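Subject: Model for your review

Dear colleague,

Please find the model below, with the sequence alongside. My notes on what turned up in it follow.

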Amino acid sequence: MASFNATELYTNYVLVITDVGEECDDESALHYLSRAAATTSDLFVEVLCVGGKMEESARLARCRNCIGLEETANFKMGPVSGFPRWSHVSSRRMVLQIGPVNDEVGVSAFISGIGGPYNYILLGMLGTTNSSNGAPRQFAEQMMASATTALVVATKVNGFTRIPLFTARNAEWFPDGVYNEIMRVGFKNTLGRAPPSLASLNQLVGPGGANYETAKSITDGIMGEGSFDGLRITRAARQAAQAYGTSYNEEQIDGMARMLVAFHRLFGVPVGEVWSSSASEFSVEGLETGALSGPFQAFINQMESNPEIGMTPAYDLVAAWVVVMMSEAPWRFSQYFDMHCDDGVIYSLKPAMCHPNLIHRIMEEVEDEEDEDYVDDDDEEPEPVPVGVEQISMFERWADNVIG
C-alpha cells in the first residue's frame, strides 16, 4: 500500500485545468470540487484557469463572482500560466483536464511543475473540445503519455450522449449564480445553432444530434411523449432552415425546421428566426433586455413547471466526480462506467447511469447532512465495499502505484 512522507499534509492532490466561463458545466464542476474539499479533510484541490476566449484573470474573477468560490486551506485557484503551486502537499497527484490549453504554458515545463508522478483524466476523446487539433491536442497527448495511468471519459457512444442532463430540479443543488447559468446555457443550447460555416457540426440538428435530441426531449416533456415527432413542419420553418444551413442535407433541414416549429409553440420565438449560438442576445445582459428576453422567461417558466426535463449535459461535473472517486475509492468506478475500447483507457458512463438523478447522487456525496436540500425518496442500499482482489480492477493503481 501507499506510504507518505511525514511532511505531506493531504492524502490526495487534485489539479484541475478548466476553461470556466465557456459553459455552465465548468461552474457546476468547480462548485462540486469546492464542496468535496470542504467535506474531505485529506483532499487538496488546485484549480488552474486557462486563457483563450477569456483572459485567465477574467476566468478567475468568474470563479469568485459567479460561483462564489473562496480559497481555503485545501482549495486554491490560479492561472494555468502560473503553473501548479501546491502539488507538493501530496505525492498522490491526480490531474483533471476539462479545458483546452493553447499557448499559455509549455507542456514540458508544466509537467515538470507538477513535481512528480501523476494520474491523468481527460474529458472527451482526443481531438475534441478539450484537446482540439493543434496546441491543445499536443498538450493533452503529452500529459497522457507522461502520466502513470491515464483515463479518457468519453461523452458520446455511437453518436449519443452518455452524460446526465441538468434539470431545474437537480440544478437546485447549486448556488444562484450557477443555477442561473445552467438556465442561460440550457436556453442557448436549445435555441442557439452552430455557425453555418462549420459544416462539420451540421449533424447536430439531425436525428441523433445533440441539438435535435434536446429539442425533442424538451418538447415531449412539456407537451407529451411523441409530440415533437408529431409537429407539422411549416413552409416558413423549412425555408428558414434552408436559408440558414445552406449545406444541410434533407434530413438536417427537416430536423432544423421541426425545431423551429417547436420553439415557436413552446417559447413564442418567431418560426422564421434562427439564432446563432454566438449571438449577443444569449449573453446575460442580452437575455435581460434583448429580443430573446421574453422567450427566455418563457423557457424558465416551462423548465421550472416541468422540473425533470433535461436541458444541457453536465459534462465537467461528471468528470470532476470521477477524479474525486478515483482519488478516494477507485473500486467504485466499474459500478458506473463501461470500457469504451479495448485499450483500457477510454470509458463512458453506463446507459442506466445517464439519468439526471445521477446529479443528485453526485452532489449528495459532498453535502454535509445539515446542509442537504434534496431528499431521495428511494431508500437505496449502501454501495457494497468490494471484498477480494478479483473485485478490484486495474484502477487500484490510482490508489497505490502512482506514489512513486
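Helix 1 and helix 5 cross in a left-handed sense (left-handed if the near helix is turned anticlockwise from the far one by less than a right angle, right-handed if clockwise). Helices here are DSSP runs of H or I of at least four residues, and strands are E runs of at least two, numbered from the N terminus. Helix 1 spans residues 24-39, and its axis comes within 9 Å of that of helix 5 at a crossing angle of roughly 155°. Axes are lines fitted to C-alpha atoms, for helices over the stretch in contact, with angles from 0 to 180 degrees between N-to-C directions. On the helix 1 side the contact is made by Cys24, Glu27 and Ser28, and on the helix 5 side by Val178, Glu181, Ile182 and Val185; contact means heavy atoms within 4.5 Å.

Before going on, the basis. This is a predicted model, in which local features need pLDDT of at least 70 and side-chain atom pairs count only at pLDDT 80 or more, while totals for chains, interfaces and linings use all residues. Residues are numbered from 1 along each chain as its sequence is written, and side-chain values use heavy atoms, with hydrogens and water left out.

Confidence: pLDDT is the predictor's confidence in each residue, from 0 to 100. The protein chain has a mean pLDDT of 88, with 89% of its residues at 70 or more. Residues 1-6 stay under 50, and the model gives them 11 contacts beyond four places in sequence. Residues 369-395 are also below 50, with 26 contacts beyond near neighbours in sequence. Where pLDDT is low, the predicted coordinates should not be read in detail.

Helix 5 also packs on helix 11. From helix 5, Tyr179, Met183, Arg184, Gly186, Phe187 and Thr190 meet Pro295, Phe296, Phe299, Met303 and Glu304 of helix 11.

Pro175 sits in the loop between strand 8 (160-161) and helix 5. At 26% relative accessibility, Pro175 counts as partly exposed (buried is under 20% relative accessible area, exposed over 50%, partly exposed in between, with a 1.4 Å probe and protein chains only). The C-alpha atoms of Pro175 and Ser28 are 9.1 Å apart, although 147 residues separate them along the chain. Beyond four places in sequence, Pro175 contacts His31 and Ile67.

Overall, the protein chain has 14 helices and 12 strands, and 52% of its 404 residues count as buried.

The largest nonpolar core has 96 residues, of which Tyr32, Leu33, Trp321 and Phe337 touch the most other members. Such a core is a set of buried Ala, Val, Leu, Ile, Met, Phe, Trp, Tyr and Cys residues joined through side-chain atoms within 4.5 Å. A second, separate core of 28 residues includes Ile114, Tyr118, Ala150 and Val152.

Ser87 lies in the loop between strand 3 (75-79) and strand 4 (93-98). Ser87 counts as buried because its relative accessibility is 6%.

Regards
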